[in-house]
Amino acid sequence: MDFFALAAKRRTVRQFTADPVARGDIEKIIQAGLMAPSPNNSQPWRIAVITDRKLLERMKDAVERKLAGMFPNVSAEAKARLDKVRTFSTMFVDAPVVLAVMAKPYKAMIDKVLEETTVTHEEMNVLRMHPDIQSVGALVENMLLAATEIGLGGCWVSGALVASEAIDEMLKDKEYKVQTLVAIGKPAAKPAPKEPLPLADHVTWMA
């Protein structure tokens, strides 16, 4: 598919059929993600491919418990909003496959310079607007575009990360920490087309 048509076709999909996703398709999606740029080509990622329904249910429960503990007493209006947040944050449980995108701390070229200063890697990472996290975003977008090309749908699930500590314990990886989840599957319905956004609302030309 033409890239510009592909970018326009990609939509967030939150409802899937029960059809399993072929392992070959999952591998293609992940391989596309791994082609994303990363700071100093560090490629600080690991992907956990989750199809275990019991594990997904445990992850959902952890998210719900965290949200309930964070907001025990809210108004009726706030509760209605919280219910929507809970739905969006746990929809991954019904996806045929969930890709848990994990990352580990990366070594930057500037780190050797920092050894001679009082500036820490963490402080420099903040000043650079977290290039490691930016690279995770690039990886996820590549995977979502790849899924669209194959004829699948995907949803970038950031809300579930309120329970990141509990999810990390379930994933049992001591080196990598979960950064986000991506739900993948065959769309239950054809996504509505997306209208192009007016450039004037989002672009400033500085010649």
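**Figure 1. Strand E4 and its pairing partners in the predicted model.** Strand E3 (residues 153-157) pairs with E4 across five bridges, and the two strands are antiparallel. Within the predicted model, Val157 lies opposite Leu181 of E4. Strand E2 (residues 97-103) is also antiparallel to E4, to which seven bridges join it. Here Met102 is the residue that stands opposite Val178 in E4. Strand E4 spans residues 177-185, and because seven of its nine residues are buried, the strand is largely enclosed by the rest of the structure.

Figure 2. Asp111 belongs to helix H5, which comprises residues 111-114. The residue is buried, yet Asp111 has no salt bridge. Lys107 provides the nearest side chain of opposite charge, at 4.9 Å. A salt bridge requires a side-chain nitrogen of Lys or Arg within 4 Å of a carboxyl oxygen of Asp or Glu. When residues up to four places away in sequence are not counted, Asp111 touches Tyr106 and His121.

**Figure 3. A nonpolar patch on the surface.** Four side chains are shown: Met70, Phe71, Val74 and Val162 form this patch. Together they present about 300 Å² of accessible area. One of these residues, Val74, is placed in the loop that lies between helix H3 (53-70) and helix H4 (76-90). Val74 counts as partly exposed because its relative accessibility is 38%, a value between the limits of under 20% for buried and over 50% for exposed.

**Figure 4. Asn40, a residue with positive phi.** Most residues other than glycine have a negative phi. Asn40, which is not a glycine, has a positive phi near 55°. The loop that holds Asn40 lies between helix H2 (23-34) and strand E1 (45-50). With a relative accessible area of 40%, Asn40 is partly exposed.

Figure 5. The phi of His130 is about 55°, a positive value although the residue is not a glycine.

Key: Residues are numbered from 1 along each chain as its sequence is written. This is a predicted model: local features need pLDDT of at least 70, side-chain atom pairs count only at pLDDT 80 or more; totals for chains, interfaces and linings use all residues. Side-chain values use heavy atoms; hydrogens and water are left out. Patches are made of residues with over 30% relative accessible area and no salt bridge: like charges are joined within 9 Å, nonpolar side chains (Val, Leu, Ile, Met, Phe, Trp, Tyr) within 5 Å. Accessible areas come from the Shrake-Rupley method with a 1.4 Å probe; for residues, only the protein chains shown count as cover. Helices (H or I, at least four residues) and strands (E, at least two) are DSSP runs, numbered from the N terminus. Buried means under 20% relative accessible area, exposed over 50%, partly exposed in between (1.4 Å probe, protein chains only). Lys and Arg count as positive and Asp and Glu as negative; His and the chain ends are not counted. Contact means heavy atoms within 4.5 Å. Two strands pair if DSSP finds at least two bridges between them.
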